[in-house]
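Welcome, and please have your viewer ready. We will go from one selection to the next and look at what is there.

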Amino acid sequence: MSEIATENTPSLDNTEQLLEQVRPLVHLDSLENLLNVGRANSLWPLTFGLACCAMEMMAVGASRFDLDRIGAGVFRPSARQADVMILAGTISRKMGPVIKTLWDQMPSPKWAIAMGGCTIDGGPFKYPGQYAIIEGADKIIPVDVYVPGCPPRPEALFAGILKLAEKIKEGRKGPELAS
Amino acid sequence: MSEVSSDLALAGVQSSTDIDFDERGLQHRHEALAGDMPVVAGAFRAAGYCLEHITCLDLRQVEEVAGFRVDYQFNRIGSPVDRHVVQVKVGETETATSIASVYPGADWYEREVFDMHGVLVDGHPNLKRLLMPEDYRGYPLRKDFLDEDPERHQMSGVVVEAEAAQEDVADGEDGA
Amino acid sequence: MTQPAPTMELVQDPEDRDTYYMNMGPQHPSTHGVLRLRLHLDGERILDVDPVIGYGHRAHEKMAENRDYLQFLPNTSRIDYLSGMIYNLGYCQAIEKAMQIEVPERAEYIRIICGEMNRISSHLLWFGTYLLDLGGITAFLYAFDDREKILDILDSVTGSRLTYNYGRFGGVSMDVDDTFLRSVADFSEYFRKRIEEYHKLVTHNVIFRHRTRGVGVMGVDLALDYAVTGPCLRAAGIASDVRKDEPYGIYDRFDFDVVTAEGGDCFARHMVRMGEMEQSLGIIEQAVRDIPEGPVLAPKVPKRIRPPEGEHYFAVEAARGHFGMYIRSDGTDVPVRQKLRTPSFVHVSTMPAVLPGTMLADTVAILGSIDIVIPEIDR
């Protein structure tokens, strides 16, 4: 039921230190699974439409594709209330620091979905001599799910969000930097 | 001939040509000096014409001279269409003159000309970059523009250490 | 460690303790994209506004100088993705005019149908998001549902929902069949009734009227100063429309009115766009009735597109206003300069003249009513 994971064997004299080490590392498996299911089924996206893909993101939130039926329909304008940042659109150089700021403002656990070709690697705007865009969202923030397309169909974004939900249920708390 | 032709001649326009609208979408081309532009713009304004846009051309590819040409496009609102292009040659070290006092809409167009081509505009109320970040170096639409900034894929003013470190590692592995 | 970029700092005037600066955007639900407004406020009244653009700059004009005319075609839809069809077809028409390529009749009619359907879908999206900004989610859901119908019809022939690459130099890439024409006609019949519902839901709504009547007046002088075009111009009472002033394609064969309104306020702009949707339905119905049989691509299109040397200009009436392409060609495959004159660029530049004096809540109403698309401003 409860596991205590520790790095090294602590000395019994230093109970205060032991408690400090142990407290954040106490895992309760079934509770964690429950929490993960909760997180996966109530993802609150950040309203972050940058360009064309934003229109398809809005279409996913509308009544035909209805993101709310998987619990992800509550778009939050404030990053501090959002779980997942769906980067929908091309990232310009001027927008880069803004994305970083917003990402930092989001509380953990947080996830990122790169929607559209532009956020994967620059998309249709990538060419030698492109000075204006950042070719890929993963150059600024780590990304969990990539949804290709230009723009991806709403069904594709929906599948991407479901994929993220799957990953969260497996225990993913946030994007991992490539080692 | 257009109804404004005589006013333009008085305003100091250097030469005027009529163009076939069906071929080009324009009706008149004029050449003017940068200093005369406010008066020329005033003539159009008095005749009720609007400023459709201002754009800039790098002359290196067109005439193989160093310098720029700023094109101002005026048109009547409504029909019939009477489109005039006034072309102003600006040498490499010369400046254009702002017509923002005549047409407030020229403000942003002139800022864009400065931002993209580096042509300074005299008398502009707020000449700073419009599209690129304020700390950007270089003028993108110039023909010889090479974005040599090594942090090309980074955002303005911010260096992300992790990626820089990864690039160093990659360079080391390649033996570069 | 990362340091914040200097563009994000807000300036406090030490002399002035009563007013304050507030930043709206670039991430904001009501700025319709990545627009940043630095507002100088006295309580809730706006004293001054400084729009900061460039957050969506994707270097379309530089890309145009580095690829040939055909390779630029996919870019055209992405400049203003809501009128993507109109921009794409407009670019084709610009090159066709420059090269004097004649387009077959059937293709012209198809272009009219697709362009006007695109205009309706753009206005529907504007309608839905405008009401969303003002606080009503119902209209958003209704509008998007109708928009899905249009997108399905256009998807069936072009293959895309949003960023179309349907036009080709000399016509369109795919022919349409009777199913398409029948679904267009059915949609037109259905949508006429829907517009009545929208009027009942929104136009006659007392909250909507209070929030939009007399708010954000853009008058005739502004039109002359800034060259405002499209519904913003027509809401001020000036009946100017590129489709009537310099007809392109076969627009001169169609019978439609230029919808105007008086007052130039947000409500007037709303009424103009609702009226335009109805006029577009009329044009579509006439086109479906009169469309001839025939090829959809000109038989002899040059393999190499080389417009004659010199300047060319071509304008179309997009959903937002006058979209113009100023192309300087030197007789080769690649243009020397391609300037895109977009309507939203002008409309956002009028904000420092329109917003001061209004309340903060009205900013949202005014920004929504001018119908801007940010990538069109930044190109």
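Start by selecting chain C and chain A: their contact (heavy atoms within 4.5 Å) takes 38 residues from chain C and 35 residues from chain A. Before going on, note that this is a predicted model, where local features need pLDDT of at least 70, side-chain atom pairs count only at pLDDT 80 or more, and totals for chains, interfaces and linings use all residues. Residues are numbered from 1 along each chain as its sequence is written, chains are lettered from A and ligands numbered from 1 in the order in which they are written, and side-chain values use heavy atoms, with hydrogens and water left out.

**Stop 1: chain C against chain A**

Show the surface here. About 3,100 Å² is buried between chain C and chain A, 65% of it on carbon and sulfur atoms; buried area is the accessible area (1.4 Å probe) that two parts lose on being put together, summed over both. Now pick Gln27(C), Arg58(C) and Arg161(C), which supply 21% of the area that chain C buries against chain A, more than any other three residues.

Next, look for charges. The rule finds four salt bridges across this interface of chain C and chain A, a salt bridge being a side-chain nitrogen of Lys or Arg within 4 Å of a carboxyl oxygen of Asp or Glu. Zoom in on Arg64(A) and Asp152(C), which form a salt bridge with their closest N and O atoms 3.1 Å apart.

Colour by secondary structure, with helices (H or I, at least four residues) and strands (E, at least two) taken as DSSP runs, numbered from the N terminus. On the side of chain C that touches chain A, the elements giving two or more residues are helix H1 (60–65), helix H2 (73–79), helix H4 (105–134) and helix H5 (137–158) of chain C. H5(C) gives the most to that side, with seven residues.

**Stop 2: chain B against chain C**

Move to chain B and chain C, where the contact takes 56 residues from chain B and 49 residues from chain C. Between them, chain B and chain C bury about 4,200 Å², 55% of it on carbon and sulfur atoms. Select Arg24(B), Trp108(B) and Leu131(B): in chain B these lose the most area to chain C, together 17% of what that side buries.

How many salt bridges does the rule find across the interface of chain B and chain C? There are eight. Several elements of chain B give two or more residues to the side that touches chain C, among them strand E4 (67–76) and helix H5 (106–117). The largest share of that side, nine residues, comes from E3(B).

**Stop 3: two sheets in chain C**

Hide the other chains. In chain C, three strands form an open sheet in the order E6-E7-E8 with antiparallel pairing; two strands pair if DSSP finds at least two bridges between them. E6(C) and strand E7 (residues 322–329) of chain C pair over eight bridges. Click on Tyr313(C) to see Tyr326(C) of E7(C) standing opposite.

Finally, find the open sheet of three strands E1-E2-E3 (chain C), also with antiparallel pairing. Strand E1 (20–24) and strand E3 (45–52) of chain C each have a single partner strand, so one side of each is left without a neighbour in the sheet. Five bridges join E1(C) and strand E2 (residues 36–42) of chain C, and Met22(C) stands opposite Leu39(C) in E2(C).
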